[in-house]
Amino acid sequence: MRKNMLGNTGLEGTELCFGALPFGPLQKNLPLDEATAVVCAALKGGINFIDTAQLYKTYAPIRHALQQTKKRPVIASKSPATTYEEMQKAIEEALNELNLDEIDIFHLHAARAGEDVFTKRQGALECLYDHKARGRVKAVGISTHSVKVTALAATVKGIDVVFPLLNRAGHGILDGNREEMEKAVAQCVAAGKGVYLMKPLAGGILVGEYAQAVEYVRSIPGCASIALGMVSTAEVEYNLNYFRGYKPATLPSIAAMKKRFMVVESLCAGCLKCVETCPNHAISEKTGKGFIQQEACLTCGYCVGACPQFAIRLV
Ligand code: SF4
Ligand code: SF4
């Protein structure tokens, strides 16, 4: 499979990046051995780039897969930390749980953050810079759904990698539209940042037009890689075949998992923590409870982890 350099980082990732959110506890919640088998299939199949996060809680299956396959892919993680101390803990947690001495990319996890993210989270950013200087983090990045933050990241000297949201439907993009995000991505590429893209299938919404959706993001100039979530070895195989140039006619396993998140009203305590958490403003208050507008939901599952009542379920 084709590999591309991530900007000026010296890191080279396969064009297909394994997105390690959907198989974890926020979504599919596979048992550890099954989750490990999915990551192993991806690594053995030639994928050398994994994107995970502190919030995804998927370090354990990745660690097991690294041990079992003896492969060492490029690994990106991220944290919503604001302060220096919080980010330090997040990096330590990643290194310990992945059993690594250094991690390749560590992002500010800033899905819905605004343009003040670099000042509001200056402490966390300084921590990332310090760890890079000590060789514990190879590249510092930011993951974002926002056009404005993507454009701003192009101007921030210490940011090596940018991980924005972009898909053919423009679904989930904040502070602008698809064309504006394309321009912001181009600014990052021109500034020498490594760029890889998230949510090419818009959280599953575009799964019925897989080839068009994937080809759209592959055509973005300077895009080194695209992160696709995979929850089974069948999905890994499908994606691998597609990126190797075969074009299977159907994707039954992904089509079959087209599910949606819903608030179970009887369990909901009306705290509205989910409203604050949703990066896509898809949850609002309705008669004192959280309510998910399906057409705006990206099926990221972040609200699941935020709900103290376990009232948000994948159905
Ligand atoms: S976080 Fe959970 S309990 Fe609170 S409003 Fe949302 S669904 Fe209800
Ligand atoms: S409601 Fe929001 S946080 Fe929850 S899965 Fe949908 S987009 Fe993600």
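Modeller: What follows takes some of the labels in turn, bearing in mind that this is a predicted model.

Biologist: What makes both faces of strand β8 count as covered?

Modeller: A residue is called buried if 20 or more other C-beta atoms lie within 10 Å of its own. Val161 and Phe163 on one side of β8 (residues 161-164), and Val162 and Pro164 on the other, are all buried, so both faces are described as covered.

Biologist: How do you know that β8 pairs with β7 and with β9?

Modeller: Pairing requires at least two bridges between the strands. Strand β7 (residues 137-144) is joined to β8 by four bridges, and β8 to strand β9 (residues 194-197) by two, so both pairs qualify, and each runs parallel. Serine 143 has phenylalanine 163 of β8 as its bridge partner, while valine 161 stands opposite glycine 194 in β9.

Biologist: Which helices belong to the β-α-β units that include β8?

Modeller: Helix α6 (residues 147-153) forms a right-handed unit with β7 and β8, and helix α7 (residues 178-190) forms another right-handed unit with β8 and β9.

Biologist: What makes Cys268 part of the shell around ligand 1?

Modeller: Being near a molecule means having a C-beta atom, placed from the backbone, within 6 Å of it. Of the 15 residues around ligand 1, Cys268 is among those that come nearest, together with Cys271, Cys274, Gly290 and Cys307. By class, this shell has 10 nonpolar, three polar and two charged residues, and α11 (273-277) and β13 (289-292) each supply at least two of its residues.

Terms used. Residues are numbered from 1 along each chain as its sequence is written. Chains are lettered from A and ligands numbered from 1 in the order in which they are written. This is a predicted model: local features need pLDDT of at least 70, side-chain atom pairs count only at pLDDT 80 or more; totals for chains, interfaces and linings use all residues. Ala, Val, Leu, Ile, Met, Phe, Trp, Tyr, Cys and Pro count as nonpolar, Asp, Glu, Lys and Arg as charged, and the others, Gly among them, as polar. A residue is buried if 20 or more other C-beta atoms lie within 10 Å of its own, exposed if 12 or fewer, and partly exposed in between; C-beta atoms are placed from the backbone. A crossover is right-handed if, with the strands pointing away from the viewer, the path from the first strand over the helix to the second runs clockwise.
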